[in-house]
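The sequence and structure come first, my entries after.

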Amino acid sequence: MKKIFPLCMALLGAVSCCKKTQPGEPALYSAADFDSTIDGKAVSLYTLKNANGMAAQITNYGGIIVDVWVPAKDGAFKDVVLGYPKLADYFVPENTFAGAITGRYANRIANGKFTLDGKEYSLAINNGPNTLHGGIVGFSKKVWDARTFTNDAGEQALELIYVSPDGEENFPGTLTTKVVYTVTVDNQLRIDYTATTDAPTVLNLTNHAYFNLHGGDHKTSVNSHRVTINADRYTPTDSTLIPTGEIASLDGSALDFRTPTTIGERVLGPDSAFNYRDGYDHNYVIRRSSPDVVETAEVYEPSTGIVMTVLTDTPGIQFFTGKSRVQQDETAPFYRSAFALEAQNYPDAPNHPDFPSAVLRPGETYRQTTVYGFSAR
């Protein structure tokens, strides 16, 4: 029988650290603990697998990635995503974004305002003075229509669709969004996003999964993870994490991960302009020579041998290790217990004409692909 740790407070302030600890084969969560009805719509837990034994469980509530099981170098399967064993656990406000699809606008919009075609829109303020991840009831709290299928390559997939009405969270236009999760034959979790609108709107979608490549109960800090990010520049922010508009070089910065660097190497002391003891929460400008899906980041944990690569076609990627949210007690058992790599457009792009456009118009189709690939060495 599967063992589950009692629920514990998230030291990231956004995710539970309580996970299954079984070695060997994936110890999957029970679908019965997710079966529910919200606003008249059925919620369930869906399991996708491949022939290699990799498995991912996803619920159509918020499109949440609940767990992802991949083999370590010793052959044992490890759950590398921080999640919860029951649907009710995701109703806790601090846990809203854990593993979820975030939108309509992932990340922040300054002061909850943007102007589109000469009209100013005011959104709910839910993160300091700003709007974060779509507002009070964003996509992470919606029940998506779900359909499982097998694609032409014989891979198991889950299609999720949500129709956001005009004016929801005060965003303009009726927006129809489709997200397809696929567990591929190559041990990848692929996420394909498409969206259309009947009126001009702004859009930025991502998934907010938290990872720990130690797996298991995730009591071990991710400070030992070796991170590489293929970016030469980033978008500096003010104290509320809104971009200043500058696109700055990473040369000489503690933010530079162009060569493999452990997360913990630079978080123990201050940078000239920032104290990285609190971790990272920064948007990196992806280095690319084409708009295609490219390898953007790699994370490696030597103790398990697990390697995670991130491939995407987005302009940016947010690297998050809990800045301003991780407990400051470095002796705590779950100190800095996860990281996120969120493929996205730049934060607050609707208010920065020099940033990649976040505008979607009728007749256009928003497309975005992010792939999390797993191997061991």
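Below are my entries, from ground rules to single residues.

**Ground rules.** I'm working from a predicted model, where local features need pLDDT of at least 70, side-chain atom pairs count only at pLDDT 80 or more, and totals for chains, interfaces and linings use all residues. Residues are numbered from 1 along each chain as its sequence is written, and side-chain values use heavy atoms, with hydrogens and water left out.

**Confidence.** I looked up pLDDT, the predictor's confidence in each residue, from 0 to 100. The protein averages 89, and 86% of the residues score at least 70.

**Overall make-up.** I get zero helices and 28 strands. These are DSSP runs numbered from the N terminus: H or I with at least four residues for helices, E with at least two for strands. Taking contacts with a separation of 6 or more, I find that 66% are between residues 24 or more positions apart.

The accessible surface comes to about 14300 Å², and carbon and sulfur atoms hold 49% of it. That is Shrake-Rupley with a 1.4 Å probe; for residues, only the protein chains shown count as cover.

**Cores.** I use "nonpolar core" for a set of buried Ala, Val, Leu, Ile, Met, Phe, Trp, Tyr and Cys residues joined through side-chain atoms within 4.5 Å. The largest one has 57 residues, and V68, Y181, I229, F319, F339 and L341 have the most contacts inside it. I then checked the neighbours of F319: beyond four places in sequence, its contacts include I229, F339 and L341, as well as D281 and H282. Another core lies apart from the largest one; it has 19 residues, among them V43, I64, L87 and F320.

**Cavities.** My search of the whole structure turned up three cavities of 30 Å³ or more. On a 1 Å grid over the protein atoms alone, a cavity is a set of points where a 1.4 Å probe fits but cannot get out, and lining residues have an atom within 4 Å of a point. Grid points are joined across faces, edges and corners, and the volume is the space filled by probe spheres set on the points. The largest cavity has a volume of about 100 Å³. Its lining has 10 residues, with R108, H133, H208, D281 and E342 nearest its centre.

**Around L132.** L132 lies in strand β11 (residues 131-132). L132 counts as buried because its relative accessibility is 4%. Its C-alpha is 4.5 Å from that of R108, 24 residues away along the chain.

**S140.** I found S140 in the loop between β11 and β12 (145-150). At 2% relative accessible area, S140 is buried. Leaving out residues up to four places away, S140 touches Y61, G62, T96, F97, A100 and I101.

Which bond joins G103 and R104? A cis peptide bond, with omega about 15°. R104 is in the loop between β7 (101-102) and β8 (108-109). N187, in the loop between β14 and β15 (188-197), has a positive phi near 60° without being glycine. N187 counts as buried at 11% relative accessibility.

Methods: Contact means heavy atoms within 4.5 Å. Buried means under 20% relative accessible area, exposed over 50%, partly exposed in between (1.4 Å probe, protein chains only). On a 1 Å grid over the protein atoms alone, a cavity is a set of points where a 1.4 Å probe fits but cannot get out, and a pocket is an open set with protein on both sides within 12 Å along at least five of seven lines; lining residues have an atom within 4 Å of a point.
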